[in-house]
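User: Hi! I have a protein model open on my screen and would like to go through it with you. Could we take it step by step?

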Amino acid sequence: MTLMIDSVLTAADSALRTLFARPHATRATPASSQATQATGELSEAERREAGALMRVNHVGEVCAQALYTAQAAVARDPGLRAHFIEAAHEETDHLAWTRQRLDELGARPSILNPLWYAGAFGLGLVAGRLGDPLSLGFVAETERQVEAHLDSHLDRLPPGDSASRAVVEQMKLDEARHASQAVDAGAAELPAPAKAMMRVASRVMTTLAHRI
């Protein structure tokens, strides 16, 4: 009973912090001060596109908080639970970096963030209930898809936006490491239909978040 109450309180705290509080990174932003200052040299069209792409990335980090928090809440292994909580803490850096970059670009977060969080939290609960190996498999596949998604953003960001590019590159490295850690921890390979459904859901989210 105590563990269940603690899990509920942790989940509620994570949701409130992710959606309504200003995130604080434990690592400095990857962008140099010179790169950040160069934001003013972007054209209006470049600024809008960079802002839309970073809004999508910010949504991805909102979802990451929800996923890891939900999976930690239902993980059977205490060690794995601690792993999910630690991963969520590290993803907070990404949440803070993308939010900072949105502010610098004069863009806003997605107004649908509460919906994205709720949906991702539900998926995390389902994945966690399937057992630790499949839960880890879900993490590994999610991180692989996010890594590919970030790679595509490196091609789409305006050439002059080196600040956003530095953030995305570091996020890409971190996501690849998270996928490897999940595999090393015993992740099971997800069936092809599940991977396809995850790609479809991701496409819907990224399309909407790019606009709103």
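This is a predicted model: local features need pLDDT of at least 70, side-chain atom pairs count only at pLDDT 80 or more; totals for chains, interfaces and linings use all residues.

User: Is Gln145 buried or exposed?

Analyst: The cut-off for burial is a relative accessible area under 20%. Gln145 has 16% relative accessibility, so it counts as buried.

User: Thanks! At what angle do H6 and H8 pack?

Analyst: Helix H6 covers residues 132–156 and helix H8 covers residues 192–211. Their axes are 11 Å apart, and the packing angle is about 40°.

User: Which word describes how H6 and H8 lie to each other?

Analyst: Angles under 35 degrees would count as roughly parallel, and 65 to 115 as roughly perpendicular. H6 and H8 pack at about 40°. The two helices are therefore oblique.

User: How many charged residues does the contact of H6 with H8 have?

Analyst: On the H6 side, the contact is made by Phe138, Glu141, Thr142, Gln145, His149 and Arg156; they meet Lys195, Met198, Arg199, Thr206 and His210 in H8. By class, there are 2 nonpolar and 5 polar residues here, and the number of charged ones is 4.

User: Let's turn to another pair. How far apart are the axes of H3 and H5?

Analyst: Helix H3 spans residues 44–74, and helix H5 spans residues 113–129. H3 passes H5 in a right-handed crossing. They pack at an angle of about 35°, and their axes are 7 Å apart.

User: How many nonpolar residues are in the contact of H3 with H5?

Analyst: H3 brings residues including Val59, Val62, Cys63, Ala66 and Leu67, which meet residues of H5, among them Trp116, Tyr117, Ala120, Phe121 and Leu123. The classes here are 7 polar and 1 charged, with the nonpolar residues numbering 14.

User: What is the distance in space between Gly119 and Arg22, C-alpha to C-alpha?

Analyst: In sequence, Gly119 and Arg22 are 97 residues apart. In space, C-alpha to C-alpha, the distance is 21 Å.

User: How do H3 and H7 lie to each other, roughly parallel or oblique?

Analyst: The packing angle of H3 and H7 is about 30°, with their axes 12 Å apart. Since angles under 35 degrees count that way, H3 and H7 are roughly parallel.

User: What is the handedness of the crossing of H3 and H7?

Analyst: From H3, the residues involved are Met54, Asn57, Glu61 and Tyr68, and they meet Ser164, Val167, Val168, Met171, Glu175 and His178 in H7. The contact divides into 5 nonpolar, 3 polar and 2 charged residues. As for handedness, H3 passes H7 in a crossing that is left-handed.

User: Which residues does Ser164 touch, not counting those up to four places away in sequence?

Analyst: Ser164 belongs to helix H7, residues 162–184. It counts as buried, at 0% relative accessibility. The residues it touches are Met54, Arg101, Leu105 and Leu157.

User: Stepping back, how many helices does the protein chain have?

Analyst: From the N terminus on, the elements run α-α-α-α-α-α-α-α. There are 0 strands, and the number of helices is 8.

User: Last one: what radius of gyration does the protein chain have?

Analyst: The C-alpha atoms fill a box of roughly 55 × 35 × 25 Å along the principal axes, and 47% of the 212 residues are buried. For a chain of 212 residues, a compact globule would have a radius of gyration near 17 Å. The protein chain agrees with that, at 17 Å.

Methods: Residues are numbered from 1 along each chain as its sequence is written. Side-chain values use heavy atoms; hydrogens and water are left out. Helices (H or I, at least four residues) and strands (E, at least two) are DSSP runs, numbered from the N terminus. Buried means under 20% relative accessible area, exposed over 50%, partly exposed in between (1.4 Å probe, protein chains only). Contact means heavy atoms within 4.5 Å. Axes are lines fitted to C-alpha atoms, for helices over the stretch in contact, and angles run from 0 to 180 degrees between N-to-C directions. Angles under 35 degrees count as roughly parallel, over 145 as roughly antiparallel, 65 to 115 as roughly perpendicular and the rest as oblique. Ala, Val, Leu, Ile, Met, Phe, Trp, Tyr, Cys and Pro count as nonpolar, Asp, Glu, Lys and Arg as charged, and the others, Gly among them, as polar. A crossing is left-handed if the near helix is turned anticlockwise from the far one by less than a right angle, and right-handed if clockwise. The radius of gyration is taken over C-alpha atoms; the globule rule is 2.2 Å times the number of residues to the power 0.38.
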